Amino acid sequence: MESTKEDPGRGTPDRPTHSLLSDQDSRRPTSSSRVENSLASSSIRVPTTERLSTTAKTVDTKQVGSISAERRTQNTDQGQQPKSPSSSSNESNVSLTEDVQLLSEDPFSSEQSRALFDAIDELRICGAGQDLDLPQLVIVGQQSAGKSSLLQSLTDIPFTVGSGLCTRFATRIISRRTEPGTSPMIHVSIESGDIDPFGYQENKERTGNFTRALPSMTSKVFEEIASSYMGILPGSGPNKKNFSSQVLKIELSGPSRSHFGILDVPGVFNAPINGITDQEMAGVTKMVTSYMKKSQNIIICVAPANGDLSNQTILNLIKSEHIENSRVVGVFTKIDSVGDHDARGGITLQNGWFVVQNCGPNPVSRLEREQAEKTTLSKPPWVDIPEQQRGTAKLKAFLANILCTRIREAFPDMHRTIAKSLAAEKERLALLGDDRTDYAQRREYLLTLVGRYQDLARWALKSPEELAFDEMKLRGMAHHAAECFAEEMRLNGNSFEFLEIADGTNGTAPNSDKKADLYKEIRIQIRTNQGLELPGMSNPAVLKPLFRKQTSKWQKLGQDHLESIVKMSENVAMKILAEVCKHLNAPAFTRNDLEDVISSFKAHAEKQAIERLRTFCQEITTFPLQTSNTLFLEKVTQAQHARFRDPVNLKTIPQVFGSWAIVDLNNINDLFDRMHPRGVQNTEDEIHDLLKAYYEIALEDFLSHIQHRIVEPFFQDKHGPVLGLSPNYILSLSEERIEMLGGEEKSVIDLRRDTIDKIKRLEDAMRIADQTWRRTKEREA
């Protein structure tokens with residue numbers, strides 16, 4: 001904030017400097033300080049040198065200017081419905097032979113500067129502007145601010161403010177000075193815009209088909225290009241189109257021109273206008289905002305000197321979007337509409353506030369226009385503004401200098417950005433893979449995909465340490481599942497609980513209901529299956545029905561285990577397929593189709609595994625009980641020894657000396673009954689011990705059979721969910737199937753095409769940047 005000083009001539013302190021985009025003053029000026037106060041109350045930084053007179057003439061900018069020729073042009077440059085340019089009797093134009101003002105102290109006079117200027121334009125021509133932030137001058141303002149008139153003064157192109165067409169799309173003007181003796185030229189073309197804010201989808205079409213060399217630019221040429229090539233149909237209705245997202249490029253060249261470039265965008269709206277939809281007004285704001293946000297762009301903010309800056313939409317937009325002060329250059333137009341004042345006023349911004357006079361409604365020569373502007377600027381309050389900020393010529397020189405500086409500063413970073421973006425796009429293209437347009441390419445792609453799948457699937461079974469994701473390590477998961485299944489079978493696989501003889505309890509009094517249930521079942525089977533054997537003889541036939549009942553849960557538990565293995569295998573296969581498809585950028589329909597293939601393999605292999613289990617369980621319960629396992633006799637003998645040593649059996653022995661026992665003959669019969677196998681209780685114990693020994697051996701055989709004869713073949717099945725997706729499967733498919741399965745999604749095709757286009761643009765940009773940088777270094781040397 002600048003300090004205020006007392007003016008001895010006026011007794012009034014200077015107004016302090018206001019920071020850029022500060023809070024606005026809502027007070028309405030009513031005196032001759034109208035211009036100064038309206039500027040100071042805006043969001044713009046406005047230091048002033050002296051206050052305008054409060055005792056002399058007053059200035060009401062809404063009432064003055066009616067006598068000015070410029071005032072008569074505002075109806076056509078202020079958002080009202082335009083008149084056809086053909087209705088103007090005096091049509092303005094820029095001719096190839098017209099004398100054009102050269103910039104004094106042209107910043108592009110050096111070969112290095114011209115090379116950088118041309119390089120920026122070449123980068124735009126090759127389309128790099130879509131990918132890079134290229135420095136440029138962008139002129140913005142709201143409707144009726146006088147942008148078109150200012151642009152005409154800067155470029156000597158008649159933008160025919162009466163037609164309104166030039167503000168319906170962005171216009172890029174490139175001016176170059178050529179060697180003496182060369183012919184002047186005007187060349188127009190249409191380029192894609194950076195964005196499509198109106199939803200016309202114009203940028204999806206291949207633009208650039210329109211290109212034309214012209215002898216002169218006239219309002220008729222503007223109208224023809226706008227209506228015939230950019231599709232502008234002003235008005236309201238479903239078939240109307242008031243704006244275009246495309247850019248009209250006008251290239252001017254000749255020995256009498258200066259190097260200069262500027263982009264004009266449509267003016268933003270501060271109020272609805274007939275025939276313009278809310279969507280179109282929002283689209284204009286979006287377009288303007290997108291250009292202002294680009295960090296390399298220099299924003300030329302145009303505002304009318306005869307209006308209230310607090311009502312300028314463009315200034316509020318600059319504030320809301322936090323546009324850097326250093327990138328904003330202010331320009332006040334329509335200064336001849338303000339009136340005369342007897343005091344001085346200074347208007348500056350960080351990059352300078354400039355004041356210019358608009359072109360009149362009728363064509364005049366450049367000298368006449370300059371003279372009219374010079375006359376206006378020689379009057380108060382404009383005469384007190386620093387000379388370097390007064391007039392179109394000063395503004396153009398300043399803009400050329402700041403553009404040249406920005407290009408020089410941006411070029412080194414631009415070169416690095418191109419290299420980085422190019423590397424990223426090439427990596428993206430590599431991930432997308434080669435295009436697949438014929439049968440051979442699609443089959444090769446599918447073979448590559450299933451080949452990679454097979455590698456990971458085999459690792460999942462044999463070398464899980466090679467896999468990056470634990471969810472793919474099937475062998476470890478299956479091993480854990482087998483351990484859990486074995487534990488479940490040992491704990492809950494039997495229908496009745498066996499008696500643990502070593503627990504100190506004999507068969508007469510089992511220590512749980514389940515154990516009692518087993519002895520109860522043994523008695524039932526002895527009674528039910530009694531045959532020709534004499535009383536007191538054991539019947540071995542009772543073991544088979546007892547074993548069948550004891551193993552009745554095996555098939556259900558085994559099937560539950562197999563189903564968990566099948567589900568686990570399918571999940572691993574799907575995870576492997578997803579990872580391979582991601583790595584090879586397989587389209588969604590290919591992945592979905594191959595997932596269905598895995599599911600079909602799973603269903604078939606699961607059915608076979610369940611059938612093997614059912615057959616095995618049936619054999620266990622129907623085949624004769626037999627075993628060659630020596631553990632069977634060992635287990636039975638161990639049980640008999642344990643029963644013999646049971647203290648209950650030895651309670652009839654009254655005295656024991658070391659390893660000797662004295663038996664009372666009175667209790668000898670009781671001892672015989674307890675130990676003799678033909679006793680009723682001993683018969684039940686014998687059957688129990690035989691059943692228990694055989695069950696334990698059969699259970700281990702069952703677990704081994706499940707693991708080695710059912711689960712492992714399921715894993716290794718060439719038509720199973722794990723290994724079924726193989727090159728042999730792909731080679732067995734029909735051509736039609738491969739054509740469909742190996743195709744690409746349209747989004748991938750479009751992305752590859754766009755990536756290839758972007759790589760080409762960036763490679764062209766890299767070539768341009770390298771050549772330009774090399775030439776500038778050579779010239780500096």
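Visitor: In β11, which residue is the bridge partner of valine 140?

Guide: The partner is cysteine 301. Strands here are DSSP runs of E with at least two residues, helices are runs of H or I with at least four, and both are numbered from the N terminus. Two strands pair if DSSP finds at least two bridges between them. In this case β4 (residues 136-140) and β11 (residues 297-304) are parallel and share five bridges.

Visitor: What kind of model is this?

Guide: The model is predicted, with local features needing pLDDT of at least 70 and side-chain atom pairs counting only at pLDDT 80 or more, while totals for chains, interfaces and linings use all residues. Residues are numbered from 1 along each chain as its sequence is written, and side-chain values use heavy atoms, with hydrogens and water left out.

Visitor: How many strands form the open sheet, and in which order?

Guide: Nine, in the order β7-β6-β9-β5-β10-β4-β11-β12-β13, with mixed pairing. The edges are β7 (211-214) and β13 (353-355); each has a single partner strand, so one side of each lacks a neighbour in the sheet. From one strand to the next the twist averages 20°.

Visitor: Which strands does β6 pair with?

Guide: β6 runs antiparallel to β9 (residues 247-254), joined by seven bridges, and antiparallel to β7, joined by four. Glutamate 191 has valine 247 of β9 as its bridge partner, and serine 189 has threonine 211 of β7.

Visitor: Why is β6 described as largely enclosed?

Guide: Burial is read from relative accessible area: buried is under 20%, exposed is over 50%, and partly exposed lies in between (1.4 Å probe, protein chains only). Five of the seven residues of β6 (residues 185-191) are buried, so the rest of the structure largely encloses this strand.

Visitor: How many residues of helix α4 are buried?

Guide: Nine of the nine in α4 (residues 147-155), so that helix too is largely enclosed by the rest of the structure. Among them are Lys147, Gln152 and Thr155. Just after α4, aspartate 156 has a positive phi of about 65°.

Visitor: Which strands does helix α9 lie across?

Guide: Contact means heavy atoms within 4.5 Å. Angles run from 0 to 180 degrees between N-to-C directions, with axes fitted to C-alpha atoms, for helices over the stretch in contact. Helix α9 (residues 392-432) lies across β4, β10 (260-264), β11, β12 (328-333) and β13, at about 155° to β11.

Visitor: Is glutamine 525 buried or exposed?

Guide: Buried, at a relative accessible area of 8%. Glutamine 525 sits in helix α12 (residues 513-528) and, leaving out residues up to four places away in sequence, touches Val542, Pro545, Leu546 and Lys549.
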